[in-house]
Amino acid sequence: MSDKRPILLWFRRDLRLSDHPALDAACKSGRPVIPVFIHDRLSEGLGAAPLFRLGLGVGHLAESLAEKGSRLILRREVEALDALKKLIEETGAGAVWWTRLYDPETTARDSQIKESLKEAGIEARSFGGHLMFEPWTVETKTGGYYKVYTPFWRAVKSDDVAAPLSTPGKIPAPESWPESEDLASWRTERAMDRGAEVVRPFVQLGEGAAQSRLGSFMAHGVADYGETRDLPGVDGTSNLSENLALGEISPFQCWHSGQRAREEGKRGAETFLKELVWREFAYHLMHHTPRITHSNWREEWQAFPWNEDERKAEVWAWKKGRTGIRFVDAAMRELYVTGRMHNRGRMIVASYLTKHLMCHWDIGKRWFEDCLIDWDPASNAMGWQWSAGSGPDATPFFRVFNPVTQLDKFDKNRDYTDRFIAEGQGNPHADALAYFEAIPRHWGLSPEDAYPDPIVSPQEGRERALNAYQNRNF
């Protein structure tokens, strides 16, 4: 006799109903499906902006499920396993299904949960959906993992990528529902303080918004993407990182849209596909070398003389967008106002911190972990190590971006810097003023302040970085 006990469908960073393999399989099983979200020590440990954005995403998912006649059961426990055991006892569930994640902390937690549930006679099953290419399935000719992006791209670019699954027509409900907590009581926005109100208008929430964003980009933006993606003053990117980070859209959906655009002759489509694969490459490396999230991927860089004291004045100037280098400062202020940062800005601020200021990349990585609404564990870690020179397939340390000439090249008309820097402007942009509404009051900053002189000139910073590199002990 087939098992008719309910399935607990554990949502995590897969906050969508379409192209959701675990949900699709659960709905086809003939068993009642109880969607749950557990706020445990891992989600509680997120930075201010990622936790704020997660709370919004969970709330929107609950609304989407309600429209389907289902519910999202919310539980808060230090350990997710404890919450699952209680729900199993309350509902008589015989299975817990979820979408796989790949960061070291989550995989350790999930492995322990899977083992514990199986010992108790409960089916524990994980599904794909967060990545197109499972990290252990892509191998070099010698059976190893890829350490350089271009060969990785060549290995996967012609692989068959599964077509996206449709949204289930109906989600089978249980005869009775367990109690659910109130999302508002979790106060996922609390660490944002007054910044929550500033960032919120820039959030594109939920899978409907994500699909609209993808469709608009494919219709109007992808053709010129190869050129416009480097221009921070132009809306030239897909802006889907926020939605991909929380699984409000799947990489499969993005891939197939990009492939259609390429077949239609839209010349920027392949560049878009390569960016999707760059994300996959980051996860590939995080799976095979989890140290990338917390220590130098190139172990010889442990001896490099970076400053690791983030209390230093130059680190605070960088965090506050007060370095006196306009490209750096505009990007750091964009982060506080929108919760995101243009990719060209990310490269510039990372190079400036790790090279001009000679500060450890982990300081920047952790600041981004706190401030990005599109924070992603693999992309953030690899991006910082790539910029610093300590990571796989990294930009050489001796390649030091000049933030002044970069500004002249990519923001010729100063659209970007004028949008986010208020000091010295007679009629500042609303977003430049919003920065002063988002930052902590105790910073004591005002748009009436004088714009600072550079804390280190591009030439001085470059020379210091190159001297340190030339005198390294490896």
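Which residues of E1 are buried on one side, and which on the other? In this predicted model, in which local features need pLDDT of at least 70 and side-chain atom pairs count only at pLDDT 80 or more, totals for chains, interfaces and linings use all residues. Residues are numbered from 1 along each chain as its sequence is written, and side-chain values use heavy atoms, with hydrogens and water left out.

Both faces of E1 are covered, with Ile7, Leu9 and Phe11 buried on one side and Leu8 and Trp10 buried on the other; buried denotes under 20% relative accessible area, exposed over 50% and partly exposed the range in between, with a 1.4 Å probe and protein chains only. Strand E1 spans residues 7-11, and five of its five residues are buried, so the strand is largely enclosed by the rest of the structure. Strands and helices are DSSP runs numbered from the N terminus, a strand (E) having at least two residues and a helix (H or I) at least four. In a regular strand the side chains alternate between the two faces of the sheet.

E1 is joined to strand E2 (residues 33-39) by five bridges, and the two run parallel; strands are taken to pair if DSSP finds at least two bridges between them. Within this pairing, isoleucine 7 lies opposite valine 33 of E2.

The chain passes from E4 through helix H5 (residues 104-119) to E5 in a right-handed β-α-β crossover.

Phenylalanine 127 of E5 is buried, with a relative accessible area of 7%. When residues up to four places away in sequence are not counted, phenylalanine 127 touches Pro21, Ala22, Ala25, Trp97, Trp98, Thr99 and Arg100, contact being defined by heavy atoms within 4.5 Å. Aspartate 24, located in helix H1, is likewise buried, with a relative accessible area of 14%. Its side chain makes a polar contact with the side chain of lysine 28 at 3.1 Å; such a contact is a pair of N or O atoms within 3.5 Å, of which, within protein, one must be able to donate a hydrogen and the other to accept it, and residues adjacent in sequence count only if both atoms are side-chain atoms. Leaving aside neighbours within four places in sequence, aspartate 24 is in contact with Leu165 and Ser166.

In helix H21, Pro458, Gly461, Ala465, Leu466, Ala468 and Tyr469 are buried. The buried residues of H21 pack against helix H15 (343-356) and helix H18 (403-410).

Technical notes. Right-handed = clockwise from strand over helix to strand, strands pointing away.
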